[in-house]
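Me: I have a protein model open and would like to go through it with you. Could you take it step by step?

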Amino acid sequence: MLDVTTKRHRDRNTNDVNVYNFTWKRTPTSQMAITYSSISRGTTILCSHQTGSGSFENVVQSIIKNIPTRNDGKTTYQSESYLFHCVIENGMIYLCAANPDFGKKQPYAYLAEIKRKFQSGTLSMKAVNCGLHELDSEFGFIMAQDMEKFSKPGAGDHVSTLRSQVDDVKNVMTQNIERVLDRGERLENLIDKTEELEASSSQFQKTARKIRKKYWWKNTKMMIIIGVIAFIVLVVIVILILNGLKVFSKEDSKTTVAPTTSKSLSGV
């Protein structure tokens, strides 16, 4: 907590003026209700801050490895006379350790506050690829300030409620915008598919005409060939029939009749 004290002194060339000295006045460690806090990506602790003594890190490691991060939610674990409150969101685990008699309201208000601050800056982008405790220098002091602030009875309740309501409204608006964008994308996809279908239909009609003409010519040629063959066969059959009737042997019959006539004349 920032404590502002005022001192007055007289300068030799001016009248009395006020001089402000800014000093940090911290709550004693023994009175801190929230004694440990960390932010993890899965089982990797990206940043943490501790005010009390004890091996919180080992206990937290054993806790977070059993926390499923696929679904968002809240949960509380009890270990070594402390309650470990957790908020899971988008694969990140926001955790703090507090005294059991401190309740759950303010620890979760604290977690909501550091989650908001962590996500509002560039740290949420860095958290994707950061290693173990790589963000301590950038976010550890913020965690320390808020741990001290929310360790006081009744601190941050009204502000946390308002911010929670604002976050809820923001989430609803974000979902609505995403739905509108999704609908817009679907309409664009439908338009694109319609245009593709029209182009495909036009191409299909052109291809169908070409195929129809091609097979029409094939059928026409086949009919002509069959007609010619049938005509030839018919001519051959007619010739064979005429030959069988001896239509083509008329001259031979004339030559046989002539000698008979001559013999009859000689007898006369």
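Reply: We begin with a term: two strands pair if DSSP finds at least two bridges between them. Strands (E, at least two residues) and helices (H or I, at least four) are DSSP runs, numbered from the N terminus. This is a predicted model, in which local features need pLDDT of at least 70 and side-chain atom pairs count only at pLDDT 80 or more, while totals for chains, interfaces and linings use all residues. Residues are numbered from 1 along each chain as its sequence is written, and side-chain values use heavy atoms, with hydrogens and water left out.

Me: Which residue in β7 does F84 stand opposite?
Reply: F84 faces A97 in that strand. The strands β6 (residues 82-89) and β7 (residues 92-98) pair in the antiparallel sense, over 7 bridges.

Me: What holds paired strands together in general?
Reply: Strands of a sheet pair through backbone hydrogen bonds, either parallel or antiparallel.

Me: In what order do the strands of the open sheet come?
Reply: The order is β4-β3-β7-β6-β5, so 5 strands form this open sheet, with antiparallel pairing. At the edges are β4 (44-50) and β5 (73-79), each of which pairs on one side only. From one strand to the next, the twist averages 15°; axes here are lines fitted to C-alpha atoms, for helices over the stretch in contact, and angles run from 0 to 180 degrees between N-to-C directions.

Me: Which helix packs on the sheet?
Reply: Helix α4 (residues 136-150) does, touching β3 (34-41) and β4. The direction of α4 makes about 45° with that of β4. Contact means heavy atoms within 4.5 Å.

Me: How many residues of β3 are buried?
Reply: In β3, 7 of its 8 residues are buried, and the strand is mostly covered. Buried means under 20% relative accessible area, exposed over 50%, and partly exposed in between (1.4 Å probe, protein chains only).

Me: What are the bridge partners of S38?
Reply: The partner of S38 in β7 is L95, and in β4 it is S48. β3 pairs with β7 over 7 bridges, and 6 bridges join β3 to β4; both pairings are antiparallel.

Me: Where is the positive phi in the hairpin of β3 and β4?
Reply: G42 takes a positive phi near 70°, in a hairpin with 2 residues between the strands.

Me: Changing topic, how many helices and strands does the protein have?
Reply: The protein has 6 helices and 7 strands. Of its 268 residues, 23% are buried.
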